[in-house]
Amino acid sequence: MMNVEVDENGFIDRRINRMKKRKKRKPIAEDDKNCYWRVQYERYKNELLHTGLFENVLSSLIIAMHDKLPESVSSADVVCYGLGAFSECKDALCQLVLLELLCENAMFSGKKWIFDPIFSDMEKNILVSKGWTLIAENERGIRIASVPTLFYMPHCERELYNNVLYANRHGTISNLVFFGNSFKVMSDSVVEENENLTTFKYLLNASQLAEELPLSNTSSFGEAFYSTCIQYFFCGAVMTATFLGRSLCQISSRGMHAVSSQTQMVLRPSSLIITNCRFLPKPGPNIQYKFDLTPLKSMPYTHKPITIRRLGGRNPETGKKVNQRVGGGYNFDWLWISFRRIGPTDGTFYEEKVIEVRRDGIQTAFIALVAGTRGRRWILATENMKAGDVIKTSCHLPRILINAEEGDSWPVGALVPGTVVNSVELYPGCPDERILAKNAGTSVIIQKRVDNRVVILLPNKRELRILPECMATVGRLSNVNRNKQHWGSMNMKRRMGIRQGSGLWHRKDGYCGRKIHPLPPAKTVDGPPGPAPENYSFHFVFFLRTVRHTVRFSMHFKKEELKKAAQSVEIGPKDEIILQAPYDNIKIVEINAFNHSDFHILYKFRTNRPSGIQISPVYGYIKPNDGEIFAAEFLPITGIPPFTDRCTLYCVALPKNYSTSTKPRDMWKKPVVKVMAPERKVIRVTYLNESGHLYPKSVEAVYDDKDDD
């Protein structure tokens, strides 16, 4: 008899299993896959031959290879990147069929290389059977084309195209022929997405030099050949770039007279991205080039000692010596200091216990090892911090201000006025370089609160208004008497990695006293001075005395004419540069200046924030009725941008009989230029937020508003 389950109410429990078991599909055998692939291969081959796409591609490649195959080379090589899994993807199979049809032509019967990391073993065997050479390792497009080569790269990434152009930037660029996406379309996407222009500079400039041959009859194959074309470089531009010894992103205008008009059109300065190796951005603000900290960006935090490469005062990007006072010394254990303390925002605390307080070979203040529920970390120790103390961290802003204990971390808006704090954030979430009061014995005093801003007093007696959400640690930093310690000798400084700087040239700044000159002779005054004429002349005679001879210079010019000539210089943009901030990539803005006068103009470009705005060129001459193009690089800004950024162009007109063979930077030191007041052309920089509105002025005291002369 069948057992029936009855519940407590006397009803029979019948539960129907409505979930039916699905039948498992049998995996497709390798023979079936191979058969299916061959059928599709023949189908796409017939379609390519009947639609006329193959003839269109072949005729365009013949045009591109017309002047690239010398008599010694009968055929070109073929390199294919990023084809895809053609046994599963129809678009990849269609692209492979077109590539095989091209390789059957005698023009492309040379060596054949192919690579894609997603190829299966069956696909690799098929490619090897068709005569392809598989690239063993991922070379990321770094392949030099010593002979004419067709790079078959439909729908590949922009970085791969840029790497191929970078590898062939010296002389072999004329051997490249691309079948893939348009350089111009990819360059426009880089600019629209606010990508780092220096990362794609070879792709950006190749879009101006490459000849593009569009394809037709591609709509019947879906997305396999969508927005593809054939691109190559004509020999005129390549020979000019090779002759001048420059890369494609730096072409001088001195050799323009020796090339054709088509070459001059694409090599004009206005169509190229202006970059200069001297003005490449530094890794960050206030960097002394002691250690290379770039590997820390991709590492999780650890309290254990880390092996860090020592720079010795050299720029990690260029390798050139930048800081002469850094180098040598003992090897210290580099400990990762956590300058920022983050806690809960619901009114509770995150507690940590101090395990050890010790001296560090890198930081001037003492450091403390603390432990909590999140793990261990190193922080900067305050003046009275010792092992066994319990410190609290909270990001909550209470209604009533708090008189916190030393070592605790709170927002500055939660502390009472008069509280001494350290490690203050310049703005919420700022990088470690922007944190204030990190050196030994330093501190910041909270003054008052004005208009939803907290006023703090810096160690240099300067006030600053910051947001109340900025985190700070209560107390003064430890090792207060460090600046009073005596080094003993220069050898002790060498052990600490500080090199001697007495051998360098120093400008006489009056620190050791000023030379007392005799008073000038008495001046005879007969009456009030008469009115000066409207146009009058100056005659400057001065002597340059050397050891053996005396050279006399004289200059005669009209003041008003030179002043009007300097005022005739026009710049564009004229008054303002508008940028959207914050941004993570470098932004390059082109500034044009034109001289409408008949005099040579001596100029210099200055900015009030050289650590964030870099202009190239800085010094130079502008010929009569000629112009100059400047590239202003705006380094990345995180958080609230400054409000006083500006770029100033100083212009001075030189007489016609004066030589311009002197370096422009040395010309500004000449007495003739010093007596003339330069004309100032000021361009303000305005930053807008994501909604297109101006930022509220909050940290205008961060940067100085004076020009950096």
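Select Asn 168 to start: its side chain reaches the backbone nitrogen of Ala 145 at 2.7 Å, a polar contact (a pair of N or O atoms within 3.5 Å; within protein, one must be able to donate a hydrogen and the other to accept it, and residues adjacent in sequence count only if both atoms are side-chain atoms). This is a predicted model, in which local features need pLDDT of at least 70 and side-chain atom pairs count only at pLDDT 80 or more, while totals for chains, interfaces and linings use all residues. Residues are numbered from 1 along each chain as its sequence is written, and side-chain values use heavy atoms, with hydrogens and water left out.

**Around Asn 168**

Asn 168 sits in the loop between α5 (158–167) and β5 (176–181). Helices (H or I, at least four residues) and strands (E, at least two) are DSSP runs, numbered from the N terminus. With a relative accessible area of 0%, Asn 168 is buried; buried means under 20% relative accessible area, exposed over 50%, and partly exposed in between (1.4 Å probe, protein chains only). Show its contacts (heavy atoms within 4.5 Å): not counting residues up to four places away in sequence, Asn 168 touches Arg 143, Ile 144, Ala 145, Ile 173 and Leu 176.

Next, select Tyr 161 and Phe 178. Rings of Phe, Tyr and Trp (its six-membered ring) pair if their centres lie within 6.5 Å; planes under 30 degrees apart count as stacked, over 60 as edge-to-face and the rest as tilted. The count by this rule is 13 aromatic pairs. Tyr 161 and Phe 178 form a tilted one, at 6.1 Å centre to centre and with 40° between the planes. Tyr 161 belongs to helix α5 and Phe 178 to strand β5, so the pair ties together parts 17 residues apart in sequence. Tyr 161 is buried at a relative accessible area of 0%, and for Phe 178 the value is 0%, also buried.

Two strands pair if DSSP finds at least two bridges between them. Glu 211 stands opposite Tyr 232 in β7.

**Helix α3**

Select residues 90–103, helix α3. At 1.5 Å a residue, its 14 residues should span 20 Å, and the end C-alpha atoms are 20 Å apart, which agrees; the expected span is 1.5 Å times one less than the number of residues. How many of the residues of α3 are buried? The number is 12 of 14, so α3 is mostly covered. Among the buried ones are Ala 92, Gln 95, Glu 100 and Cys 103.

**The β21 to β25 sheet**

Move to the open sheet of 5 strands, ordered β21-β28-β27-β23-β25, with mixed pairing. Its edges are β21 (576–580) and β25 (619–622), each with a single partner strand, so one side of each lacks a neighbour in the sheet. From one strand to the next the twist averages 25°. Strand β23 (residues 600–607) runs antiparallel to strand β27 (residues 646–654), joined by 8 bridges. Ile 601 has Ala 653 in β27 as its bridge partner. Helix α11 (residues 559–567) lies across β23, β27 and β28 (679–688), at about 145° to β27.

**Last stop: Ile 613**

Ile 613 is in strand β24 (residues 613–616) and counts as buried at 1% relative accessibility. Leaving aside neighbours within four places in sequence, Ile 613 is in contact with Thr 607, Glu 633, Phe 634, Asp 645 and Cys 647. Asp 645 is 32 residues from Ile 613 along the chain, with their C-alpha atoms separated by 8.5 Å.

How values were computed
Axes fitted to C-alpha atoms, helices over the stretch in contact; angles between N-to-C directions.
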